[in-house]
Amino acid sequence: MSIEHVAAGDPGEISDALTTRFTALHGRAPVGVFAAPGRVNLIGEHVDYNDGSCLPMALPHATYAALAVRDDDRVTVSSVQQESGWAGTLGTLRPGRVDGWATYVAGVVWALQQEGWTFPGLDVAVDSRVPVGAGLSSSAALECSVALGLAHVAGVEVDDEVRRTLVRACIRAEVEVAGAPTGGMDQTVAMFGLAGHALLLDCRDWTTTQLPWDPAAHDLELLVVDTRASHELTDGGYASRRADCEEAARALGVSSLREVEDRDGALKGISDERVRRRARHVLTEMTRVDEAAEVLRAGDYAALGRLFEASHESMRDDFEISCDELDAVVDTCRAHGALGARMTGGGFGGSAIALLPRAGVDAAAAAVAETFATRGWPAPGFLHGVPSDGARRLR
Ligand code: ADP
Ligand code: MG
């Protein structure tokens, strides 16, 4: 079986094509094209709202935004991925006044206005290579590409402090305008990702540390598999996991599970069996993130693979957020030489990652595709998980 990967494309070619499209649509060239990537989390799942750390990396698959100012107060938004766009005025940008996909774009303009930034009218056009709804954070890629473009329009020089402001605005756009719960990991790595690195993000104080992460240098590859499954019909699964974590923290008398000092001993203090298992996932996952940071520093990728395995089992058995498709990817990659594999993201579908010898990637992907075909599931998508740069200007 020949396996096609979802192409990240050539950033120069994509931004040239978007510039041509923008110019045809709006009768003038954009002031620039700005890109921001999708992401995968290497390890540290459902720890963000428990004040723990996670370890995401930026993908080569990005969203591209072209912008130009207008001489009136209108804002227009269009996307290659969407049939209909949106148009309104600067004054109408606020929660509840925009709907559909454009909320992610209009939301960023609104959130930066809340930070005191002022904008003239704008035309915005986007194109993307990040699969939508695969748990790879196309939403943050969209917000962050637009946010970087807006900084340019506002004449702001983009340093780390400004990037942090942009992250904050993108989170507000997603939570308050698009109405989607997000912890902030996605926007942070979309802004601060660095090629050849993973980003250790401490969700208690939002500090970040770049850690060397270069599988190709070890003749390995991180294969990302989009299961194209989505079993969560409502937000029930996420909300109930959060509630269980809060109950565990209450039972232990701490403000968050991050504050637990004796991670092994604490579990005895939780009487409810299900809540105890939920807490066990979070507490062991926090320890695994600490260990993953150490093994990345040491370049011990076999040890990283073992942490992936333990993480997946913890999410499958204790946190109960995996599903048949995710387990099938993990089991199949494991049987085809993976050093480790795990589901990534919130769970109940979305994507999985596998750390594989480069020479074995195609065979493992083919085996996964065959497993899916045999079980009558829609064909999965495959992406090369090359650690890539965060938001940047392309032209
Ligand atoms: P994920 O971030 O995991 O891909 P989300 O549900 O958080 O999934 O975000 C997906 C939504 O983001 C889409 O339904 C759409 O509204 C918006 N979106 C993402 N990328 C684009 C794009 N290129 N063009 C238009 N809308 C997009
Ligand atoms: Mg999202």
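Which residues of α8 are buried? I began my notebook with that question, and I kept in mind that this is a predicted model, in which local features need pLDDT of at least 70, side-chain atom pairs count only at pLDDT 80 or more, and totals for chains, interfaces and linings use all residues. Residues are numbered from 1 along each chain as its sequence is written, while chains are lettered from A and ligands numbered from 1 in the order in which they are written.

**Entry: helix α8**

I found Y301, L304, G305, L307, F308, S311, H312, S314 and M315 to be the buried residues of α8, where buried stands for 20 or more other C-beta atoms within 10 Å of a residue's own, exposed for 12 or fewer and partly exposed for anything in between, with C-beta atoms placed from the backbone. Helices are DSSP runs of H or I with at least four residues and strands are runs of E with at least two, both numbered from the N terminus. I then checked the length of α8 (residues 301-318): its 18 residues should span 26 Å at 1.5 Å a residue, and the end C-alpha atoms, 25 Å apart, agree with this; the expected span is 1.5 Å times one less than the number of residues. The buried residues of α8 pack against β9 (220-230), α7 (273-298), α9, β10 (340-344) and β11 (349-357), a contact being a pair of residues whose backbone-placed C-beta atoms lie within 7 Å. Just after α8, I noted that E320 has a positive phi of about 50°.

**Entry: C333 in α9**

I looked next at C333, which belongs to helix α9 (residues 324-335) and counts as buried because it has 28 C-beta neighbours inside 10 Å. Setting aside residues up to four places away in sequence, I listed A338, A341, A354, L356, A364 and V368 as the residues that C333 touches. From C333 to R250 I read 39 Å, C-alpha to C-alpha, across 83 residues of sequence.

**Entry: helix α1**

Helix α1 (residues 11-26) has 16 residues and reaches 22 Å from first C-alpha to last, close to the 22 Å expected. I found I14, S15, L18 and F22 buried in α1. Seen down the axis of α1, its buried residues fall within an arc of 90°, so they line one face of the helix; the arc is taken over the directions from the helix axis to the C-beta atoms. On the other side of α1, I recorded G12, E13, T20 and A24 as exposed. The buried residues of α1 pack against β1 (32-41), β3 (56-69) and β6 (122-128), and just after the helix G27 takes a positive phi of about 75°.

I counted 18 residues around ligand 1, with S79, W101, S128, S138 and S139 the closest; a residue is near if its backbone-placed C-beta atom lies within 6 Å of the molecule. The elements giving two or more residues to this shell are β6 and α3 (138-153), and α3 supplies the largest share, three residues.

A141 also has its place in α3, and I classed A141 as buried because it has 33 C-beta neighbours inside 10 Å. Beyond four places in sequence, the contacts of A141 are A36, P37, G38, A62, T63, S128, V130 and A190.

Key. Contact = placed C-beta atoms within 7 Å.
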